[in-house]
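This briefing goes through a single protein model by topic, with the criteria behind each term given where the term comes up. Please read it beside the sequence and the coordinates.

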Amino acid sequence: VTHSIPACIGSMTINSKQLDNENPVSIFAVNNCYETVQDGTFFDGSGFAALVREGYKVRSDVNITLEFRTTAVHGVLLGVSSAKVDAIGLEIVHGKVLFHVNNGAGRITATYEPRGTNSLCDGKWHKLQANKSKHRISLIIDGNLVHTDNPYIQSTSADTNNPIYVGGYPADVKQNCLTSKSSFRGCLRNLVLTKGQHTELFDFSRAFDLRGVFPHSCPGAEH
């Protein structure tokens, strides 16, 4: 067994002596247990999850879906980059959702801005779908579609070869399609990347690097 148990453990005794959970000698990737818990992964705003150590190749087409819940107006959702300029990025900036794509010729951005008093940072779940099909990109938030024009129609492939960073990224890692360095604070669930017929649901407990991220435990309400 190589993964920790996604559960709450309490009242543990050894040889009739109760262990002191409040004052551990050392602690790693252990969060509070919540009275009300929802499915999802909690990001505490300090770190990130790193997936696909060998590198994820976006190339011509990718469809990303996820659900998020946050009260913060800034935060990185997802980034996949390369050593060059090719990259994709999803982020929340000033309460708007931005989907950036660079196929090598220049960055283009689809922006979703909530209308009126609607907010994406209200602590409620919101559905996101970001689609890149060659030079075309689109963003759907809670069923609302945003398109953007791409003047670089000859450039169709984002030749990425770096890991997928979710919720943030390390300080020494370059992300060519993210403008924010703010780590996401809130909950994410149902992250799915689809390429053609291949659909992959990502389990954050299997990330090769987790910092400030707690799989399978999402507090029912922000504290």
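Asn 15 sits in the loop between strand E1 (13-14) and strand E2 (17-18), where strands (E, at least two residues) and helices (H or I, at least four) are DSSP runs numbered from the N terminus. The model is a predicted one, in which local features need pLDDT of at least 70 and side-chain atom pairs count only at pLDDT 80 or more, whereas totals for chains, interfaces and linings use all residues. Residues are numbered from 1 along each chain as its sequence is written, and side-chain values use heavy atoms, with hydrogens and water left out.

- As background, most residues other than glycine have a negative phi.

- Strand E6 (residues 75-81) and E7 run antiparallel and are joined by six bridges, two strands being counted as paired if DSSP finds at least two bridges between them; Ser 81 stands opposite Ala 87 in E7, and the hairpin of E6 and E7 has five residues between the strands.
- Strand E7 (residues 87-93) pairs with E8 in the antiparallel sense over seven bridges; Leu 90 has Phe 99 in E8 as its bridge partner, while Ile 92 has Val 97 in E8.
- The hairpin of E7 and E8 has two residues between the strands, and His 94 takes its positive phi there.
- Seven of the seven residues of E7 are buried, so this strand is largely enclosed by the rest of the structure; Ala 87, Gly 89, Glu 91 and Val 93 point one way from E7, and Ile 88, Leu 90 and Ile 92 point the other way.
- Strand E8 (residues 96-102) is also largely enclosed by the rest of the structure, because six of its seven residues are buried.
- E8 pairs with strand E9 (residues 107-112) in the antiparallel sense over six bridges, and Val 97 has Tyr 112 in E9 as its bridge partner.
- The hairpin of E8 and E9 has four residues between the strands, and Gly 104 in the turn has a positive phi of about 120°.

**Cysteines**

- The structure holds one disulfide, a term that requires a pair of cysteine sulfur atoms within 2.5 Å; the disulfide joins Cys 187 to Cys 218, with an S to S distance of 2.0 Å.
- The link of Cys 187 and Cys 218 is right-handed, with 125° about the S-S bond.
- Distant parts of the chain are linked by this pair, as Cys 187 is in strand E14 (residues 185-195) and Cys 218 is in strand E17 (residues 218-219), 31 residues apart.
- Both Cys 187 and Cys 218 are buried.
- Cys 121 is in no disulfide, and the nearest cysteine sulfur, that of Cys 187, is 14 Å away; Cys 121 is buried, with a relative accessible area of 12%.
- Cys 177 is buried as well, with a relative accessible area of 0%.

**Cavity and pocket**

- A search of the whole structure finds one cavity of 30 Å³ or more; on a 1 Å grid over the protein atoms alone, a cavity is a set of points where a 1.4 Å probe fits but cannot get out, a pocket is an open set with protein on both sides within 12 Å along at least five of seven lines, and lining residues have an atom within 4 Å of a point.
- The largest cavity has a volume of about 40 Å³, and its lining includes Val 101, Asn 102, Asn 103, Gly 104, Ile 108 and Tyr 152.
- The second largest pocket holds about 230 Å³ of space and is lined by 14 residues, of which Thr 41, Arg 189, Asn 190, Phe 202 and His 216 lie nearest its centre.
- E14 gives the largest share of the lining of the second largest pocket, namely four residues.

Terms used
Buried means under 20% relative accessible area, exposed over 50%, partly exposed in between (1.4 Å probe, protein chains only). Grid points are joined across faces, edges and corners, and a volume is the space filled by probe spheres set on the points.
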